[in-house]
Amino acid sequence: MPFWIGAIGGYPALGTRVLVMALAAMALNFLLGFTGVLSFGHAAYFGLGAYGVGMTIRYLTPDTLLGILVGVVAGTLAAAVIGALIVRLRGVYFAMATIAFGQVFYFIAFTWNSVTGGDDGLSGWHRMPIRLGAYTIDIFSDERLFYYFVLACFAISVTLMAAILRSPFGHTLLAIRENEKRARFLGLPIEWHIWLSFVISCFFVSLAGTLFALLNNFADPHGLRWDQSGDFVIMAVLGGMRSFWGPLIGAAIFVVVQDFISSRTENWMSFIGLLFILVVVFFPRGVLGVLDRRGRS
């Protein structure tokens, strides 16, 4: 992508942003599309990952890999605790609970000015070159190298997600999605499976948050807000939430359209909203669902 994106009016960082948002959308879809549980609070763990890597590099040590590890651990641990508190809720109650807990993290980041930078965000840091013994990968000055670093993280993550979904655990999640009552009658521990699915999903979305912060060399409270979670849901539905690669297609469309329209008008959200409505009304299975149906016919 870095070699041809300029030919269509793009830039390397746009390709990197597509990968990061695709990872976040696919992580959400692990819970939404394959477990059947809707969360509007995934931005909380996305933001925790972003602040985790930023605060590690700024306050502890200028180590990119360690910062990623701290951000992912912070987001995953928070998800494990919160998931245990809300795992028995269903439907709109689960979704509202995820929003509520997400907003708690948002207001902490917004008001803790001395540490998080408050509304101005966490600045004064940047991603550092990765040193592997005698070799150094300069992901700071070379945007293409950073793109390939993100691509490697994305590839490993989606491979792990695919392996989990093909495992007996993944098939159990599909059974819960299709008919939770029948799965419960079969003796399956429903709450445990949903909790673990929630934690796995938040693990990958936290990783996406760390990469997003490294892309921008910045972290701000907006990454923790519920509307950021709404963007992830839109990407998943836009591409097709019942398919594994659908959120990738949805994220690519969302990010590219957002970048193109926002450079021309401040009302870009209206166009995104209209596009989302059209897809939901006329293509409820998403873009990939439509393409798959045409391919079969």
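Which residues is Phe271 in contact with, leaving aside its neighbours within four places in sequence? Apart from those neighbours, Phe271 contacts Ile261 and Thr265, where contact means heavy atoms within 4.5 Å.

The legends below describe a predicted model, in which local features need pLDDT of at least 70, side-chain atom pairs count only at pLDDT 80 or more, and totals for chains, interfaces and linings use all residues. Residues are numbered from 1 along each chain as its sequence is written, and side-chain values use heavy atoms, with hydrogens and water left out.

**View 1**
Phe271 is found in helix H12 (residues 268-282); helices (H or I, at least four residues) and strands (E, at least two) are DSSP runs, numbered from the N terminus. With 46% relative accessibility, Phe271 counts as partly exposed; buried means under 20% relative accessible area, exposed over 50%, and partly exposed in between (1.4 Å probe, protein chains only). Between Phe271 and Asp220 there are 25 Å in space, C-alpha to C-alpha, and the two are 51 residues apart in sequence. Phe276 also lies in helix H12. Its relative accessibility is 23%, so Phe276 counts as partly exposed. Leaving aside neighbours within four places in sequence, Phe276 is in contact with Ile234 and Val237. The C-alpha atoms of Phe276 and Leu69 are separated by 34 Å, and these residues are 207 apart along the chain.

**View 1. The crossing of helices H10 and H11.**
Helix H10 (residues 226-239) packs against helix H11 (residues 246-262) at an angle of about 115°, and their axes are 6 Å apart. Axes are lines fitted to C-alpha atoms, for helices over the stretch in contact, and angles run from 0 to 180 degrees between N-to-C directions. H10 and H11 are therefore roughly perpendicular to each other; angles under 35 degrees count as roughly parallel, over 145 as roughly antiparallel, 65 to 115 as roughly perpendicular and the rest as oblique. The crossing of H10 and H11 is right-handed: a crossing is left-handed if the near helix is turned anticlockwise from the far one by less than a right angle, and right-handed if clockwise. From H10, the contact is made by Asp231, Ile234, Met235, Ala236, Leu238 and Gly239, and from H11 by Gly246, Pro247, Gly250, Ala251, Ile253 and Phe254. Eight residues of this contact are nonpolar, three polar and one charged. Ala, Val, Leu, Ile, Met, Phe, Trp, Tyr, Cys and Pro count as nonpolar, Asp, Glu, Lys and Arg as charged, and the others, Gly among them, as polar.

**View 2. Helix H1 against helix H11.**
The axes of H1 and H11 are 8 Å apart, and the helices pack at an angle of about 135°. That makes H1 oblique to H11. The crossing of H1 and H11 is right-handed. H1 contributes residues including Leu14, Arg17, Val18 and Met21, while those of H11 include Pro247, Leu248, Gln258 and Asp259. The residues of this contact divide into 12 nonpolar, two polar and two charged.

**View 3. Helix H3 against helix H9.**
Helix H3 (residues 64-86) and H9 pack at an angle of about 145°, with 8 Å between their axes. Their crossing is right-handed. Among the H3 residues in the contact are Ile68, Gly71, Gly75 and Gly83, and among those of H9 are Trp195, Phe198, Phe203 and Leu211. The contact of H3 with H9 holds 13 nonpolar, seven polar and no charged residues.

**View 4. The nonpolar core around Leu211.**
The largest nonpolar core has 83 residues, and those with the most contacts inside it are Tyr45, Phe149 and Leu211. Such a core is a set of buried Ala, Val, Leu, Ile, Met, Phe, Trp, Tyr and Cys residues joined through side-chain atoms within 4.5 Å. Helix H1 (residues 12-35) gives the most to this core, with 16 residues. Not counting residues up to four places away in sequence, Leu211 touches Val20, Leu23, Ile68, Phe146, Phe149, Val150 and Cys153.

Asn217 is placed in the loop between helix H9 (190-216) and H10. Although Asn217 is not a glycine, it has a positive phi of about 55°. Most residues other than glycine have a negative phi. Gly124 lies in the loop between helix H5 (113-116) and strand S1 (130-132). Gly124 counts as exposed, at 72% relative accessibility.
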